[in-house]
Each structure stands twice: as structure tokens, then as C-alpha cells.
Amino acid sequence: MTLLHRRALLAAPVLIAAPALAQTAFTRPIRLVIPWAPGGTTDILGRIVAEPLGQAIGQQVVVENRTGASGNIGSDLVAKAAPDGHTILFGSMSTHAMNHALMRTMPFDGVADFTPLSMLGFAVNTMVVHPSVPSQTLPEFIAYARANPEKIAYASAGPGSTNHLCAALFENMTGVRMVHVPYRGGQPAVTDTVAGQTQLFFSAATQTMPHVEGGRLRLLAVTEATRWSRQPNIPTVGEAVPGYEMAVWYGAFGPKGMAPALQQRLNAELNRVMTLPEVKDRLAGMGVEVAPESTDAFAQRLRADAEKWGALIRRLGIEAS
């Protein structure tokens with residue numbers, strides 16, 4: 001073997017590895033788009049994750065709030081960005097699995113126009129009632145609501161909100177008939193439930209638990225598939241209504257067409273950051289439980305939820321306000 005041939009063989013692994021390395025390299029700051037206003041759960045989540053993620057990939061992660069159209073404006077910006085990993089989105093179940101059915105026109109496809117990067121976590125979602133409701137357990141509540149059709153009024157943050165869809169799914173699966181009272185946001189909805197103007201509210205633990213702990217609301221269940229680790233004695237809705245699940249999740253997305261190697265690197269880095277003790281503890285205090293997944297598992301969840309909620313929304317004729 002000649003010296004030239006030996007040099008060529010030695011150089012070959014470097015030449016092969018270089019393109020793969022380039023696919024996962026970050027050469028400038030990362031733009032982390034949050035499609036809602038500052039102060040919400042997704043925004044806080046992004047700001048908690050930004051610094052450790054930047055340290056992991058060697059570039060600053062800059063949080064940018066691009067609000068409007070129920071999350072569609074910021075999400076569309078990312079859908080149309082270059083798939084080089086320098087623009088990513090922290091979205092949610094609503095933007096990617098619900099808006100397509102709630103809105104008459106959409107600027108993007110929440111499944112097809114994005115590369116799923118990582119499941120970030122679930123916002124623990126609760127089912128609470130006013131203390132005037134005589135039911136102490138969920139089975140008792142179902143029996144009471146069936147015996148008193150349209151006597152229970154449930155609050156929501158507006159037509160098409162997750163609060164609304166939780167209750168609509170509950171009605172659909174139990175056969176109970178209740179009255180929907182939509183508000184312009186979650187805060188007035190929980191305020192009127194505490195006051196007894198409405199009797200039922202499905203909402204994030206961050207919004208309801210202070211009132212539960214103060215005795216102003218009664219916690220009947222959580223809507224996820226598994227019990228809440230911080231309240232293990234509280235059942236899930238699905239334990240009384242088999243098949244019921246509303247898991248309000250948050251996820252990270254890139255534009256479609258992202259290189260698989262880059263997708264997998266971001267998945268690994270995000271999953272590692274989300275399980276750092278300081279990140280998990282801060283999120284747990286907000287009622288958000290970390291739930292890292294592979295890209296394939298997250299993609300499967302996204303498709304399944306888009307089909308599930310799209311079908312329910314269309315069947316019930318729900319439109320966003």
C-alpha cells in the first residue's frame with residue numbers, strides 16, 4: 001500500500017463524519033418562539049429552559065414572544081423558518097392538535113408542517129366543583145348530574161378552550177347534560193366558580209389548587225391518564241369514565257424538513273435539560289410534570305391527539321371565539 005493510499009484511508013472517517021457533525025452544529029443564537037404573551041405557562045417554561053439549553057448546545061437561546069390568533073402567528077413563523085435548528089417553537093396541544101378543527105382557516109398544518117423535537121411536560125389539569133355541589137366523589141357527581149340535567153353550569157375560558165373541551169368530552173362520554181358558561185379567559189371563569197355562579201370548572205392545577213386548599217373549591221379528579229404524583233389520593237376521571245383523558249401537554253417543534261441527526265440531538269438535549277433537578281422542581285411548583293419522550297413517541301401522540309380532538313370538535317360543532 002502506498003503512502004498516498006494510507007493517507008486517504010486515514011482521512012476517510014473524517015470526511016464521512018464531517019457532514020453528520022455539520023448537521024447538528026449551531027453557529028448562532030437560537031430563536032425560541034413562544035406563541036403566547038409573557039407570563040403564561042408556556043412562556044415561563046421557555047424561560048426556565050432557555051439558559052440550560054443554551055449551555056448544552058453552546059449558543060444563547062433567545063426567547064421571543066410572537067402572539068396572536070390563538071397561538072397561530074408565532075407557530076406559523078416557525079413553520080416557515082429554515083429547518084436548520086436555529087428557530088424552534090414551544091407549542092402546545094391547542095396549537096397543534098385543536099386549532100385546525102376550531103378555526104375555519106389555518107396558515108399551517110400542526111402535524112405535517114413541523115418536526116416534533118420533544119415532549120416537554122403536562123400541565124396537571126383538575127376537575128373542581130363548588131362546595132354547594134353535594135357530591136364528594138366523581139361517581140357521586142356523575143349520578144347527581146344525570147339526575148339533575150342542566151342544573152350544573154360549567155365555566156370555561158371561551159368556546160374551544162381546553163376547559164370547554166374537557167367538559168364537552170365529559171358530557172359526551174357520560175351522557176350528562178350541563179350548561180356551558182363561557183368567559184373571556186380563565187381568571188373570570190375560576191372567580192365565578194369560587195363565587196358559586198357556576199358549579200364546575202376543568203382547569204390547570206396552578207389556577208384551581210389555591211382555592212381547593214382554601215376550601216373554596218372541591219377537587220374531584222385530574223384529567224390525565226395517571227394520578228398526580230403530588231396528590232396520589234385523587235383519582236383520574238378515567239377511573240370512573242373509562243377512556244376519558246385530557247392531557248394538556250407542551251412540546252418543542254422545529255420546521256418540517258429538519259435533518260434527522262439534528263432532530264435527535266435537540267431531542268436528547270431537551271430531554272436532559274427537562275430532567276435536571278432544578279428544572280423539574282421549578283416546573284413541579286407550577287403544576288407541570290416533566291414527561292420526556294422520543295421523537296417517534298411524541299410524533300405518534302401528536303397525530304393521535306389531532307385526530308381525537310379534531311373529531312370531537314367537529315362532531316360537537318365547536319368553533320373558537
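Buried means under 20% relative accessible area, exposed over 50%, and partly exposed in between, with a 1.4 Å probe and protein chains only. The model is predicted; local features need pLDDT of at least 70, side-chain atom pairs count only at pLDDT 80 or more, and totals for chains, interfaces and linings use all residues. Residues are numbered from 1 along each chain as its sequence is written, and side-chain values use heavy atoms, without hydrogens and water.

Q: Why is Thr295 called buried?
A: Its relative accessibility is 4%, and the limit for buried is under 20%; therefore Thr295 counts as buried.

Q: What makes the pairing of the Thr295 and Gln264 side chains a polar contact?
A: The two side chains are 2.9 Å apart in this contact. The term requires a pair of N or O atoms within 3.5 Å, one able to donate a hydrogen and the other to accept it within protein; residues adjacent in sequence count only if both atoms are side-chain atoms.

Q: Why is Leu219 called buried?
A: The relative accessible area of Leu219 is 12%, so the residue meets the criterion of under 20%.

Q: Which residues does Leu219 touch, not counting those up to four places away in sequence?
A: Leu219 touches Thr126, Met127, Val128, Met209, Val212 and Ile234, where contact means heavy atoms within 4.5 Å. The C-alpha atoms of Leu219 and Thr126 are separated by 7.1 Å, although the two residues are 93 apart along the chain.
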